[in-house]
Amino acid sequence: MGSRKSGTKYGGWVEYGNDPAPIAKVVAAKFGGSLTGDDLKSLEAYALKRMKAKPQSGPAPTTPEETEVQKWVDAVRHNKGLWWNASQSSALAIGSRVYQEAYAFSGGWWNSYDLAGRSDGIHGYQFRAPGEWFAELYAAYYSDKLKASHPIVPELVKLEPPK
């Protein structure tokens, strides 16, 4: 998919790899309420520590805001399989994006996608990671199970069919 994965037509995927710092900033802003300055930075640091720790571990929360961050981080970890559950993905979305840890390797592999992209989905697993998203669509297209109206169809038509 290359650089196209970030386009809305391609799910709006963003990969953070094993550096969830940009997500920690979003999470702190979401759950920080009226926190500002050093307090907001402290919440951001807490979120990042939770994301870098193994699932269900990391520093214990000491404030109500940290408790909310802990609940959210624990719910979007790879061991929860968020990609399978559209309603849970919607409930845990921040703004119009779903943030999640897709894989455990390399200290955790984080990504996000446009929540609206689920409306064009064909299978829950395709919302695990950009490669899975494309693979599921590719397979559906070549097995005649993808609707011709799907926004990715014009791109798939350009690909050489399998032999």
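Leaving aside its neighbours within four places in sequence, which residues is Glu101 in contact with? They are Pro55, Val76, Arg77, His78, Trp83, Gly107, Gly108, Trp109 and Trp110, where contact means heavy atoms within 4.5 Å.

Before I continue, a word on the origin of these values. This is a predicted model, in which local features need pLDDT of at least 70 and side-chain atom pairs count only at pLDDT 80 or more, while totals for chains, interfaces and linings use all residues. Residues are numbered from 1 along each chain as its sequence is written, and side-chain values use heavy atoms, with hydrogens and water left out.

To return to Glu101, this residue lies in strand β2, residues 97–103. Helices (H or I, at least four residues) and strands (E, at least two) are DSSP runs, numbered from the N terminus. Glu101 is buried, at a relative accessible area of 1%. The term buried means under 20% relative accessible area, exposed means over 50%, and partly exposed lies in between, for a 1.4 Å probe and protein chains only. The side chain of Glu101 is joined to that of Arg77 by a polar contact of 2.8 Å. A polar contact is a pair of N or O atoms within 3.5 Å; within protein, one must be able to donate a hydrogen and the other to accept it, and residues adjacent in sequence count only if both atoms are side-chain atoms.

Now the overall picture. The protein has six helices and three strands, and from the N terminus on, its elements run β-α-α-α-α-β-β-α-α. The C-alpha atoms fill a box of roughly 55 × 30 × 25 Å along the principal axes. Of the 163 residues, 40% are buried. Among contacts between residues at least 6 apart in sequence, 48% join residues at least 24 apart.

Let us turn to helix packing. Two packed helices are described by the angle between their axes and the distance between the axes. Here, axes are lines fitted to C-alpha atoms, for helices over the stretch in contact, and angles run from 0 to 180 degrees between N-to-C directions.

How do α1 and α2 pack, and at what angle? Helix α1, residues 21–31, and helix α2, residues 37–52, pack at about 125°, with their axes 8 Å apart. They are therefore oblique to each other: angles under 35 degrees count as roughly parallel, over 145 as roughly antiparallel, 65 to 115 as roughly perpendicular, and the rest as oblique. The crossing of α1 past α2 is right-handed; a crossing is right-handed if the near helix is turned clockwise from the far one by less than a right angle, and left-handed if anticlockwise. On the α1 side, the residues in this contact include Ile23, Val27 and Phe31, and on the α2 side they include Leu43, Ala47 and Met51. By class, this contact has 12 nonpolar, no polar and two charged residues. Ala, Val, Leu, Ile, Met, Phe, Trp, Tyr, Cys and Pro count as nonpolar, Asp, Glu, Lys and Arg as charged, and the others, Gly among them, as polar.

Helix α3, residues 64–75, comes next. The axes of α2 and α3 come within 10 Å and cross at roughly 30°, and the two helices are therefore roughly parallel. In α2, Leu43, Tyr46, Ala47, Arg50 and Met51 meet Glu65, Glu66, Val69, Gln70, Val73 and Asp74 in α3. The residues of this contact divide into six nonpolar, one polar and four charged.

The axes of α1 and α3 also come within 10 Å, crossing at roughly 130°. Ile23, Val27 and Phe31 of α1 make this contact with Glu65, Glu68, Val69 and Trp72 of α3.

Leu92, in helix α4, residues 86–92, is buried at 13% relative accessibility. Not counting residues up to four places away in sequence, Leu92 touches Trp72, Ala75, Val76 and Leu82.

Finally, two loop residues. Most residues other than glycine have a negative phi. Gln56, in the loop between α2 and α3, has a positive phi of about 65° and is partly exposed, at 47% relative accessible area. Ser106, in the loop between β2 and β3, has a positive phi near 55° and is partly exposed at 44% relative accessibility.
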